[in-house]
Amino acid sequence: MDPSIGIVAQRGNDRAQALAASIVEAVGADARAVVDEETGHVLDRKGVPVAAMADCDLVVSIGGDGTFLFVAREAGGAPILGVNLGEVGFLNAVAPDDAVETVVSLVADRRRGEPIAGRTVDRLRAEGEGWELAPAVNEVVVHGRRRGHGGGAEIEIRVDGERYAESHADGVLVATPTGSTAYNLSEGGPLVRPSVGALVVTQMCATEPMPPLVTDAESEIELRLTGPEGGYAISDGRNRRRLESPATVRVAVADDPIVIAGPRGNFFEALEKLE
């Protein structure tokens, strides 16, 4: 059976949609290509929901890291190839000029019965009493109802049941190595190479701060929030859960990682693009 390829182009991005059309044409009769609904509307082609691509042999995300995170959330059961139209591209390792050739090569490998080449990346699960957020590729954040003066919450951090820190803070962030270059870095957290098995715990504007903590990937982090206004638990900046105080959020590596397909990006070259 021909491989099935899903293609998701960044919304409102003409360049992304044109590249999607080129990939569809290039794989031709060698694969069953489907595009997302928005791209299908632009290309006058039948589109499908991104979630329907979870069973594809490969999903191609064309855009920035935000597009990649969206694809991972909706279709994370399939290997994902990220084509970088953004600024830095930690998740999107393939340049636009190389996208068609890379996809054609992966399709050829799959037609020969070979698995899609890629690397496995951990995601985070965050859960509380009776709820669970969608898995996060980058980070889970627990913060007060609002940030800044007069906001925040009292948040205690426990690692495998042992107390690490407790302080009034805007919030606390738990990141994967992949996400260490994102929100974590902007809050003063450390960079972690993607190949390292670890979790990063970073307080956000704490009144009694502890240094950011790097712990092993098997750890379970408990974030206990108290305060009159409650707060939120947020996965990858998008999926959120309102927290009524007091609340405990448990964060650990999820059972379902994602596979980032294609060539591995150069971590240090990507760092040079950070401002």
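**Close-up views of a predicted protein model**

**View 1. Thr67, a buried residue.** Because its relative accessibility is 10%, Thr67 counts as buried, and in this predicted model the residue is found in helix α3, which runs over residues 65–75. If neighbours within four places in sequence are left aside, Thr67 is in contact with Val8, Gln10, Ser61 and Ile62.

View 2. Which residues of α3 are buried? They are Thr67, Phe68, Leu69, Val71, Ala72, Arg73 and Ala75. An α-helix has 3.6 residues a turn, so residues three or four places apart point the same way. The buried residues of α3 pack against several strands, namely β1 (4–9), β4 (58–63), β5 (80–84), β17 and β19 (258–261).

**View 3. Gly40 in helix α2.** Gly40 lies in helix α2, made of residues 37–43, and because its relative accessible area is 3%, under the 20% limit, Gly40 is buried. When residues up to four places away in sequence are not counted, Gly40 touches Val35, Arg45 and Gly47. The view can also take in Ile7, which is 33 residues apart from Gly40 in sequence, with a C-alpha to C-alpha separation of 9.9 Å in space.

**View 4. Ile116 in a loop.** Is Ile116 buried or exposed? With a relative accessibility of 15%, Ile116 counts as buried, and its place is in the loop between α4 (96–111) and β6 (118–121). Not counting residues up to four places away in sequence, Ile116 touches Asp57, Leu58, Pro79, Leu106, Arg110 and Ala261. Ala78 is 38 residues apart from Ile116 in sequence, and the C-alpha atoms of the two are 9.8 Å apart in space.

**View 5. Arg145 and its contacts.** Arg145 lies in the loop between β9 (139–144) and β10, and because its relative accessibility is 28%, which falls between the 20% and 50% limits, Arg145 counts as partly exposed. Its contacts, not counting residues up to four places away in sequence, are with Glu229, Gly230, Gly231, Tyr232 and Arg242. Leu43, by contrast, is 102 residues apart from Arg145 along the chain, and the C-alpha atoms of the two are separated by 42 Å.

**View 6. The cis peptide bond at Pro246.** Where does a cis peptide bond occur? Such a bond joins Ser245 and Pro246, with omega at about -5°. Pro246 is found in the loop between β17, which covers residues 239–243, and β18, which covers residues 247–253.

**View 7. Asp160, with a positive phi.** Although Asp160 is not a glycine, it has a positive phi of about 50°. Asp160 is found in the loop that runs between β10 (153–159) and β11 (162–169).

View 8. Phi of Cys205 is near 55°, a positive value in a residue other than glycine, and Cys205 lies in the loop between β13 (198–204) and β14 (213–216). Because its relative accessibility is 52%, and exposed means over 50%, Cys205 counts as exposed. Cys56, on the other hand, counts as buried because its relative accessibility is 11%. A disulfide is a covalent bond between the sulfur atoms of two cysteines. With a disulfide taken as a pair of cysteine sulfur atoms within 2.5 Å, the count comes to 0 disulfides.

**View 9. The whole chain, for orientation.** The protein chain has 6 helices and 19 strands, and along its principal axes the C-alpha trace spans about 60 × 35 × 35 Å. Because a compact globule with 275 residues would have a radius of gyration near 19 Å, the 20 Å of the protein chain agrees with that expectation. Buried residues make up 52% of the 275 residues, and among contacts between residues at least 6 apart in sequence, 64% join residues at least 24 apart. The accessible surface of the protein chain comes to about 12800 Å², and 45% of this surface belongs to carbon and sulfur atoms.

Methods:
Residues are numbered from 1 along each chain as its sequence is written. This is a predicted model: local features need pLDDT of at least 70, side-chain atom pairs count only at pLDDT 80 or more; totals for chains, interfaces and linings use all residues. Side-chain values use heavy atoms; hydrogens and water are left out. Helices (H or I, at least four residues) and strands (E, at least two) are DSSP runs, numbered from the N terminus. The radius of gyration is taken over C-alpha atoms; the globule rule is 2.2 Å times the number of residues to the power 0.38. Buried means under 20% relative accessible area, exposed over 50%, partly exposed in between (1.4 Å probe, protein chains only). Contact means heavy atoms within 4.5 Å. Accessible areas come from the Shrake-Rupley method with a 1.4 Å probe; for residues, only the protein chains shown count as cover.
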